Amino acid sequence: MRPERTLAAALAEGTVVLDGGLSNQLEAQGCDLSDALWSARLLADAPQQIEAAHAAYVRAGAQVLITSSYQATFEGFARRGLGHAETARLLDRSVALAREAGGRTEREVWVAASVGPYGAMLADGSEYRGRYGLSVAELERFHRPRVEVLAEAGADLLALETVPDADEAEALLRAVGRCGVPVWLSYTVSGVHTRAGQRLETAFGLAEGLDQVVAVGVNCCDPDDVGPAVEIAAAVTGKPVVVYPNSGERWDAGTRRWHGGATFDAATTSAWRAAGARLIGGCCRVGPGAVAALAAELATER
């Protein structure tokens, strides 16, 4: 069942709780995500695991579920021998699974179809660098087919997420321009710059004045980077801000392990809200327990 309100209307009224990291919850359920397709592989092989992961976040209090389409691309599935029609069916399934999980509660749950960056398809970590050597037009051509399928699949909005580069953000905004579905734009950042090194004032400025963009912000970053980014996003665009940082642990690509301790703390979100954050959740290594704490914290502030 679709929510009666749009997410934009809900954000205008108050803070909305986003879910946490899908991959860590799938791993907690015993899934092997070592494949280059990452969680997207399960759309074909074990869709019930994806639905179960979404349901865990619904039980934790999430009001927005991000689909498992982050790394699901026509190019990626083509390397596994899947044709265009089958890939489109799997993208459609990603939305249906989230919608099914969201229907298990009486409260409103919105579904955001994930549109990950070009680098996610490469599966080599380049989504944390950007600067792929492609033009804005080439990136737009890459993103448009998936955007069109996800827009038709019935998602409430598209999550243009983990974007490392303002050039790719420009391409994504062009690609979604005629799809008729609202979007949010979320960069992965280091300090007050995109991963590609552009100032956030410039990066967020791409969304200024675009009614289709209902929120801007950051994700898949250190929690310490969130506060300054929220202030910049709100000041530049005047839009609600979306934030969903990682746990604070550090990923070592060489050993393929997380190191250090988690620093994500639901108690710190009050400062983010004061600066303009209205859609708050977690990304990598932020699980249902942390989302439940976040939902409880935000409930006390309403």
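Local features were considered at pLDDT of at least 70 and side-chain atom pairs only at pLDDT 80 or more, whereas totals for chains, interfaces and linings use all residues of the predicted model. Residues are numbered from 1 along each chain as its sequence is written, and side-chain values use heavy atoms, with hydrogens and water left out.

Two helix pairs were examined, helices being DSSP runs (H or I) of at least four residues and strands being runs (E) of at least two, numbered from the N terminus. Two packed helices are described by the angle between their axes and the distance between the axes; here the axes are lines fitted to C-alpha atoms, for helices over the stretch in contact, and angles run from 0 to 180 degrees between N-to-C directions. The axes of helix α4 (residues 47-60) and helix α6 (residues 84-102) come within 8 Å and cross at roughly 40°. The two helices α4 and α6 are therefore oblique to each other (angles under 35 degrees count as roughly parallel, over 145 as roughly antiparallel, 65 to 115 as roughly perpendicular and the rest as oblique). Pro-47, Ile-50, Glu-51, His-54, Ala-55 and Val-58 of α4 make the contact with Arg-93, Leu-97, Ala-98, Glu-100, Ala-101 and Gly-102 of α6, where contact means heavy atoms within 4.5 Å. Gln-49, also located in α4, is partly exposed at a relative accessible area of 23% (buried means under 20%, exposed over 50% and partly exposed in between, with a 1.4 Å probe and protein chains only). This residue, Gln-49, touches Leu-26, Gln-29 and Cys-31, residues up to four places away in sequence not being counted.

Helices α8 (residues 136-152) and α9 (residues 166-175) pack at an angle of about 45°, their axes lying 8 Å apart, and are therefore likewise oblique to each other. On the α8 side the contact includes Leu-139, Glu-140 and Arg-144, and on the α9 side it includes Glu-170, Ala-171 and Arg-174.

Across the whole structure, 14 salt bridges were found, each requiring a side-chain nitrogen of Lys or Arg within 4 Å of a carboxyl oxygen of Asp or Glu. One of them joins the side chains of Glu-140 and Arg-174, at 4.0 Å from N to O; this pair links distant parts of the chain, with Glu-140 in α8 and Arg-174 in α9, 34 residues apart. Elsewhere, Glu-13 pairs with Arg-5, their closest N and O atoms being 2.6 Å apart; Glu-13 is exposed at 61%, while Arg-5 is partly exposed at 31%.

Glu-161, in strand β4 (residues 157-163), is buried yet has no salt bridge, the nearest side chain of opposite charge, Arg-146, being 8.0 Å away (Lys and Arg count as positive, Asp and Glu as negative, and His and the chain ends are not counted). Among the residues that Glu-161 touches are Ile-66, Tyr-70, Asn-219 and Tyr-244.

Positive phi values in residues other than glycine occur at Ala-123, near 55°, and at Cys-220, near 50°.
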